Amino acid sequence: MSGFSDRLLHGKRYGVLGLGRNGLPAAQALVAMGADVTVWDDGEAARSEAGNAGLTVSPLSVEGLDALILSPGIPHRLPKPHPVAVAALLAGVPVLSDAELLYQAVRLSGSRARFVGITGTNGKSTTTALTAHILREAGCPVAAGGNLGPAALALPLLPDNGVYVLEMSSYMLERLQTLRFDAAAMLNLSPDHIDRHGDMAGYETAKREIFQRQTGADLAVIGIDDPLSAAMAETLRKDGHPARIALVSGALCGDTQAEYGMQFGTLTDMQGPILPMVQAAALPGAHNAQNAAVAAAITLFLGVKREQVAAGVASFPGLPHRQERIAEADGILWINDSKATNADSTARALICHERILWIAGGIAKEGGIEDLAPLLPRVTHALLIGRDAPILAETLRAHGVPHTDAGTLDNAVTMAAALVKESGSNIVLLSPACASFDQFAHFEARGDHFRSLVQQQIGGGV
């Protein structure tokens, strides 16, 4: 963590629970800023790694702590709170995300760098990366991370004209205390993480935290292409939210109230055209038009010129595992959309293509893939993998979609190579609509394995 004083947090005491890709760098950053830090993880391997890194590893006592930094995946309320988190809450010790500590450290350092927060059920990573890309290409000092990429506390200290662009999950948002976003975006809402938030109302409440503490000098951006987000926008307005509220849609048509979106294939705002989206090859589909419109709204608000916004959107390279075109051989296009861990996200990929051999499966979210019924006629054959393949098969059977339980991703890729043309398609799409944890550590591992398997197939003459 560069740029911060090694005495900045002298005298502060923190406990860090959970030492994965978020917790370990957060603990190291706090130590580098002079704090007294004790860490713990319920896994022996993670504790050993932390000890080898020179950290103080010990079962956590919350007595005397200024805060408990809890890795996002560890619950502090639902479905079953971790005992250390329970002790912290009972003792009045704040349970915080490392994004909150980054904000505190930046302000303690005297920097007036601005903070951008981006949340939503789907599209957060793409919009975060795109926003940072536009700013970087425009010459602005920028650091991006949070739920995407580097942990927030691993980001460097930026000068007054710098911008932090943070992807904020609902888990991170419910652990904020003082962080105020100069520009905050809520992209969309669909059922997800219900076990952690109790119900949809709890999930919506966590997401709305991104707009807390905003002032009249700030910007609140809300996508209105789904009813829940549109309702949140209306609620914010009725409640007199002080920030300027900008509404965004993937398609500007009819009587939409949106100020930013795509009209006749062109990214547009109230001032007129910004960029024909056909020039943004890494951002296909109306959902990506909405992501681009959100990024445009934020960066224009931050002072980026229109032509710089257009250039940034056009030059954006895209992110791995999000409709990533990984290979095209023998007339077959292979697409890695492993990040699609729920039906809503998969819908965004299915709608971009007419005839698809679809690889799906894993651990299904509530509702399975029933919401995809209107798009299933696009599927020429489905190859199912993972634990909940039988649940997905039941829906496919009900809608007359040919399907095969392949069991594993290895089998699915081999079968796809043999079936795709026979099925009447030239596209193989991995877009699982399910979590990966039954067969892979995370969606990145699933996508990386798919890429490797496809490369092997192509080498074999696919």
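Select helix H10 (residues 285-301) together with helix H11 (residues 306-315) in this predicted model; helices here are DSSP runs of H or I with at least four residues, strands are runs of E with at least two, and both are numbered from the N terminus. The two helices pack at an angle of about 145 degrees, and their axes are 10 Å apart. Axes are lines fitted to C-alpha atoms, for helices over the stretch in contact, and angles run from 0 to 180 degrees between N-to-C directions. Next, display the side of H10 formed by Ala292, Ala296, Thr299 and Leu300, which meet Arg306, Val309 and Val313 in H11; contact means heavy atoms within 4.5 Å. The residues of this contact divide into 5 nonpolar, 1 polar and 1 charged, where Ala, Val, Leu, Ile, Met, Phe, Trp, Tyr, Cys and Pro count as nonpolar, Asp, Glu, Lys and Arg as charged, and the others, Gly among them, as polar.

Residues are numbered from 1 along each chain as its sequence is written. Local features need pLDDT of at least 70 and side-chain atom pairs count only at pLDDT 80 or more, whereas totals for chains, interfaces and linings use all residues, and side-chain values use heavy atoms, with hydrogens and water left out.

Thr121 counts as buried because its relative accessibility is 4%, buried meaning under 20% relative accessible area with a 1.4 Å probe and protein chains only. Leaving aside neighbours within four places in sequence, the contacts of Thr121 include Asn188, Asp192, Tyr203 and Asn342.

Continue into helix H5 and select Thr126. Thr126 is also buried, with a relative accessible area of 10%. Residues up to four places away in sequence not counted, Thr126 touches Leu283, Asn288, Asn291, Phe316, Leu319 and Arg322.

Then colour residues 321-434, which the unreviewed UniProt entry annotates as "domain: Mur ligase C-terminal". The end C-alpha atoms of this span lie 14 Å apart, and the span is 25% helix and 32% strand.

Finish at Tyr103 in helix H4 (residues 98-108). At 9% relative accessibility, Tyr103 is buried. Tyr103 touches Phe115, Thr178, Leu179 and Arg180, not counting residues up to four places away in sequence. A C-alpha to C-alpha distance drawn from Tyr103 to His321 reads 29 Å, for a separation of 218 residues in sequence.

Note on methods. Buried means under 20% relative accessible area, exposed over 50%, partly exposed in between (1.4 Å probe, protein chains only). UniProt positions are given in the numbering used here, feature names are shortened, and annotations may be inferred rather than shown by experiment.
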